[in-house]
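Keep the 3D view open and look up each part as you read.

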Amino acid sequence: MKLIMVAGGVIQPELLSGFCREAGEEMKIMGIDGGVLAVERAGAVPDLVIGDFDSVPTEERERILNTYRQQRVLNPVKDDTDLEAAVRWAVRLHPEEVVLLGAMGDRMDHTLTNLRLMVLFAEAGIPAVMQDHCNRVRILTGSVKIRKEQLYGPYISLLPAAGPVKGITLRGFRYPLTDGVLEPFSSLGISNELTEQEGEILYQEGLLFMMETKDRAE
């Protein structure tokens, strides 16, 4: 099963509609709090809904809870966010792949926390990407080769996801690196580009965010 998780952050309608059009029997859609409304606006039907739904009008909350049988209603007074609860639930479902939409946006505190939630998928061995109109983010848990024509944007940024990433070597990049170390919040790995059709990222220790990015105007 491939799982599309739609949170209540900034969502580009055409991006969400594209994923929803691809939804088939092997693809499930999870609407998270206000993300349920975004799924509906895209002309799709969520297979599961989760949240405290305090970000939607009362009448919409009641309609959602009366419409979708597969639901998990959360207490609005809790220690985790709706999305963290949804991610932990998703991990227990053991999907083959996860696409997370609506998890980036105006609220920087939520965006940073949501990026950190990607570690939960990585630790569970579940491939996951977080995506919006300018960014596609995943966590690497081992060395990879990447093709230029498959990139989401021209820029590749590499950032540690949990502590330093050690022994990192970059081949086929404009700014190569040999046996380097990326420290948390270091700008060393920001805005690199492939100069070859294929590049390689090798490293020995750590979890590494790979962010394929493009400027808004592109």
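Four strands form an open sheet in the order 8-12-10-11, with antiparallel pairing; strands pair if DSSP finds at least two bridges between them. Its edge strands, each pairing on one side only, are strand 8 (144-147) and strand 11 (177-182). On average, neighbouring strands of this sheet are turned by 25° against each other, direction ignored. Such angles are taken between axes, lines fitted to C-alpha atoms, and run from 0 to 180 degrees between N-to-C directions.

The model is predicted: local features need pLDDT of at least 70 and side-chain atom pairs count only at pLDDT 80 or more, while totals for chains, interfaces and linings use all residues. Residues are numbered from 1 along each chain as its sequence is written, and side-chain values use heavy atoms, with hydrogens and water left out.

**Inside the sheet**
- Strand 10 (residues 165-171) and strand 11 run antiparallel and are joined by four bridges. Strands here are DSSP runs of E with at least two residues, and helices are runs of H or I with at least four, numbered from the N terminus.
- Opposite K166 you will find V181 in strand 11.

**I156 in strand 9**
- Strand 9 covers residues 155-160 and includes I156.
- Is I156 buried or exposed? I156 counts as buried because its relative accessibility is 0%; buried means under 20% relative accessible area, exposed over 50%, and partly exposed in between (1.4 Å probe, protein chains only).
- Although I156 and E193 are 37 residues apart along the chain, their C-alpha atoms are separated by 5.8 Å.

**The nonpolar cores**
- A nonpolar core is a set of buried Ala, Val, Leu, Ile, Met, Phe, Trp, Tyr and Cys residues joined through side-chain atoms within 4.5 Å.
- The largest one has 36 residues, and M5, M30, L83, F121 and F209 touch the most other members.
- A second, separate core of 16 residues includes I4, V6, M27 and L101.

**D82 in helix 4**
- D82 belongs to helix 4 (residues 82-93).
- With a relative accessible area of 11%, D82 is buried.
- The side chains of D82 and K78 are joined by a polar contact of 2.9 Å. A polar contact is a pair of N or O atoms within 3.5 Å; within protein, one must be able to donate a hydrogen and the other to accept it, and residues adjacent in sequence count only if both atoms are side-chain atoms.
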